[in-house]
Every structure is written in structure tokens, then in C-alpha cells.
Amino acid sequence: MFASEEEALAAVTETYQRFQQLSYQILAEGGADPERIRSLTSDEVAETEMDGYRRAADQGYVFTGAPTIQSTALDLWLPYPDPLQVVARAELCIDISNVQVVDGAGTSVVSTERQPQSLWSVDISYRENDQTLIVGAKEKVDDRCDD
């Protein structure tokens with residue numbers, strides 16, 4: 001999969017960035033055509049994300065802005081997929097300070113206590129049928145990133 005740690009780091013960042021862009025595009029479009037997230041995720045991640053899109057749409061939430069990846073730190077990278085098809089694991093610091101969410105009345109539903117960044121653990125997996133890298137798993141680690 002990867003010839004070097006630098007190559008793995010770049011692939012993790014690029015794969016997660018593509019996922020994040022599509023996810024927020026779906027949210028910005030009111031949850032339209034949520035199935036398209038499957039092109040960039042495992043079935044488990046897709047189901048979780050689509051549930052979130054449906055809840056946001058049901059609430060009439062409107063999303064603007066987009067998160068950005070502030071940093072990526074590799075925990076693991078493999079030259080070949082493991083038995084679960086994982087090829088890399090990393091912690092990503094995601095900046096959400098530009099993301100706004102308003103309800104149907106135009107009132108912000110973002111907590112005034114929301115932290116501007118959050119830390120996520122992400123598994124990047126290899127999907128054999130189309131030979132692509134996908135977000136195989138993701139989990140929020142903390143509401144803040146370490147400085």
C-alpha cells in the first residue's frame with residue numbers, strides 16, 4: 001500500500017479530506033442523496049453518517065462553512081492491508097470553527113461552549129472491489145486537540 005510513512009500520511013489526509021468534503025456537502029444540501037457517502041466509507045461509517053444526515057434534515061438544520069484538517073498524526077501504517085483491510089490509523093485534529101448550523105428560523109443551534117477543534121481517531125481501509133482507500137472507522141477521541 002505505502003512505500004513510506006510520508007506516503008501513508010498523505011493518503012490518510014487526502015482520504016479523510018475527501019470524506020469530510022462530501023459529508024458536509026450532503027449536510028449543506030439538506031441531506032440530499034445521502035447514499036453517495038458510501039463511495040468513501042465502510043458500510044458501518046456510512047450508516048452512522050446517513051443517520052446523522054437524516055436527523056439534521058428532520059430538524060430542518062442548515063449547515064454552512066466546512067471543517068478543516070489542522071493536523072494528522074499516524075498511529076499505524078501498513079505496507080499491506082491487515083485482515084480487516086485496515087492500512088493506516090491516525091489521529092486527526094479537525095477545526096470546526098467555520099461550521100455554523102441554524103434551525104428553520106435562522107437561529108444558531110451551535111452551543112456557545114462548542115470547542116473550535118476536536119480530535120478524531122480514523123482507520124483508513126482498502127476496499128478491494130474497487131481498489132480504493134476509504135474511511136473504515138472513525139471515533140471522536142476528545143473535544144479538544146492537544147497543542
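Before anything else, I need a cut-off: I call a residue buried when its relative accessible area is under 20%, exposed when over 50%, and partly exposed in between. I also jot down that this is a predicted model.

**Entry: aromatic pairs**

I searched the whole structure for aromatic pairs and got two. One of them is Y16 with F19, a tilted pair with 5.2 Å from centre to centre and 55° between the planes. I looked up where the two residues sit: they are three residues apart in helix α1 (residues 5-28), so about one helical turn separates Y16 from F19. Is Y16 buried or exposed? Its relative accessibility is 3%, so I put Y16 down as buried. F19 has 2% relative accessibility, and I put F19 down as buried too.

The other pair is Y24 with F63: the ring centres are 6.4 Å apart and the planes stand at 75°, so I file this pair as edge-to-face. Y24 is in helix α1 while F63 is in strand β1 (residues 62-64), so the pair ties together parts that lie 39 residues apart in sequence. Y24 comes out partly exposed, at a relative accessible area of 22%, whereas F63 is buried at 14%.

**Entry: the disulfide**

How many disulfides are there? I count one disulfide. It joins C93 to C145, with 2.1 Å from S to S. The partners come from distant parts of the chain: I find C93 in strand β3 (residues 86-95) and C145 in the segment after β6 (132-142), 52 residues apart. Which hand does the disulfide have? The torsion about the S-S bond of C93 and C145 is about 105°, so I note the disulfide as right-handed. I looked at burial too, and both C93 and C145 are buried.

Next I went to S118, which I find in strand β5 (residues 117-127). With 5% relative accessibility, S118 counts as buried. What does S118 contact, leaving aside its neighbours within four places in sequence? My list has L92, C93, I94, K140, D142, D143, R144 and C145.

**Entry: positive phi**

Last, I looked at backbone angles. Q85 is not a glycine, yet its phi is positive, at about 75°. Where is Q85? I find Q85 in the loop between β2 (68-77) and β3. Q85 is partly exposed, with a relative accessible area of 23%.

Q131 also goes on this page: its phi is near 55°, a positive value in a residue other than glycine. I place Q131 in the loop between β5 and β6. Is Q131 buried or exposed? I write Q131 down as exposed, because its relative accessible area is 60%.

Conventions
Residues numbered from 1 in each chain as written. Predicted model: local features only at pLDDT ≥ 70, side-chain atom pairs only at ≥ 80, totals over all residues. Heavy atoms only, no water. Disulfide = S-S within 2.5 Å. Helix = DSSP H or I, 4+ residues; strand = E, 2+ residues; numbered from the N terminus. Buried < 20%, exposed > 50% of the residue type's maximum accessible area, 1.4 Å probe, protein only. Phe/Tyr/Trp six-rings, centres within 6.5 Å; stacked < 30°, edge-to-face > 60°. Contact = heavy atoms within 4.5 Å.
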